Amino acid sequence: MPAPIMQTVRRSLLVTSATLASLALTAPVSLAAPGPSPSGSPSATPPATMSTVGGVRLGQPGTQVALAGDAPVVPKGITARSWIVADAESGEVLAAHNAHWRLPPASTMKMLFADTLLPKFPRSTSHKVLPADLEGIGAGSSLVGIKENETYSVHDLWLGVFLRSGNDAVHVLSAMNGGVANTVAEMNEHAEELQALDTNVVSPDGYDASGQVSSAYDLTLIARSGLQKKDFREYCSTVSAKFPGETKKNKKGKKVRGSFEIQNTNRLLSGDYDISQYPGIAGVKNGNTTNAGATFTGVAERDGRVLLVTVMNPEKSDHNEVYKETAKLFDWGFAAAGKVTPVGELVAPKGTEQAGKAGANPSVSATPGASGEAGGAAKAGDKPVAAGAVAEDGSRGMWTALAITGGVLVLLAAGAFLVNRRWPLPDLVRRRR
């Protein structure tokens with residue numbers, strides 16, 4: 001199909017999707033997406049009616065893809081209950097499977113936690129942990145090893161959240177933010193601002209809880225928002241770091257505090273015995289609980305194109321299966337980009353249309369904070385990765401992520417015409433030895 005005709009087809013599809021999505025987003029949340037399961041456990045099959053935010057096809061059960069010409073077919077062996085492949089810059093959804101199925105998100109919910117709280121505390125802020133700060137952590141939670149009556153910097157705590165998926169670090173930061181209940185309320189409010197209407201937060205760490213749900217579509221929206229923040233990009237791309245240990249007396253009776261190394265549990269970033277680092281990977285967050293199974297959202301770059309992939313709960317139980325299926329979808333997405341007609345789009349957060357009209361700069365990438373810096377300086381010894389660059393120790397250096405502030409949608413007249421603006425990608429911290 002000639003390029004001009006292909007562009008016309010894409011625009012027509014997105015115009016229709018935008019119009020219907022705008023209608024869905026003005027309806028009550030209960031109409032935009034079915035309510036969460038009371039038991040907290042997902043049903044065996046997707047509901048017949050799901051949200052149409054981002055496009056009508058994204059609300060349909062089953063695999064949604066529009067192949068054209070020599071586009072490769074969706075890879076076989078993808079067993080996830082829900083998944084999505086999207087262009088991080090344009091917001092085009094290249095393919096999806098049950099994209100709006102509301103499922104337990106596990107620790108991928110920590111992306112929303114970080115996107116909500118990161119701007120609030122400068123990384124140099126210190127906090128002495130009280131016993132009450134660690135109350136209410138679920139049994140069997142992943143922990144980074146925070147100790148009562150020890151002092152940690154906000155930077156340390158965020159490393160614990162992103163690298164070790166530490167629920168103890170989440171609870172300490174929540175305590176600093178006025179408590180778990182207040183943090184949950186703010187997270188739900190922020191999800192609504194992002195138009196992540198499938199998401200309902202009950203516990204800020206993603207621990208299994210009745211009614212706690214999100215979707216592959218929403219997790220991708222949330223990751224896209226988080227990746228605008230410099231601190232977020234740095235933390236989610238860090239392979240390993242030093243974490244403060246417990247204060248003890250040495251042989252001379254002097255109190256000393258050592259440290260220990262923590263590594264990122266995102267296996268596409270850190271690798272494992274049965275899976276290698278994915279070329280170009282630059283974050284984002286993984287999770288695994290009894291109800292949720294394995295969940296993962298990742299961002300990767302190849303040849304100047306940046307993709308976001310979310311995979312939720314593969315039926316296949318092989319070791320690292322969620323990462324293996326994500327890698328297959330990344331490979332397909334990079335091969336299919338430009339050869340498929342988008343089946344939907346990642347919508348912009350509320351208010352970005354007005355911000356765009358007011359002349360907001362779409363390339364803004366700083367995390368606001370009391371430090372006055374764009375996310376602050378990186379701590380010596382941390383090891384962020386960059387797509388396409390390999391350090392001597394085998395770590396990949398972080399490349400970049402996306403800016404979201406300027407917005408992608410401008411609905412004119414009655415909301416029937418969409419201008420799809422490409423979001424530039426800001427530089428991140430460069431690879432360090």
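Start by selecting D272 and R267, which form a salt bridge whose closest N and O atoms are 3.8 Å apart. The model is a predicted one. Colour the pair by accessibility: D272 is partly exposed, at a relative accessible area of 28%, and R267 is also partly exposed, at 23%.

Next, select R123, D231 and E234. Salt bridges with shared partners join these three residues into one network.

Now go to K120 and E186. The closest N and O atoms of this salt bridge are 2.5 Å apart. K120 sits in the loop between helix 3 (110-117) and strand 4 (126-128), while E186 belongs to helix 6 (residues 180-193). The two residues are 66 residues apart, and the pair links distant parts of the chain. K120 is partly exposed, with 36% relative accessibility; E186 is partly exposed as well, with a relative accessible area of 21%.

The last stop is D87 with R305. In this salt bridge the closest N and O atoms lie 2.9 Å apart. Because D87 is in strand 2 (residues 80-87) and R305 is in strand 10 (residues 305-314), the pair ties together parts that are 218 residues apart in sequence. Is D87 buried or exposed? Its relative accessibility is 2%, so D87 counts as buried. R305, with a relative accessible area of 27%, is partly exposed.

Conventions: Residues numbered from 1 in each chain as written. Predicted model: local features only at pLDDT ≥ 70, side-chain atom pairs only at ≥ 80, totals over all residues. Heavy atoms only, no water. Salt bridge = Lys/Arg side-chain N within 4 Å of Asp/Glu carboxyl O. Helix = DSSP H or I, 4+ residues; strand = E, 2+ residues; numbered from the N terminus. Buried < 20%, exposed > 50% of the residue type's maximum accessible area, 1.4 Å probe, protein only.
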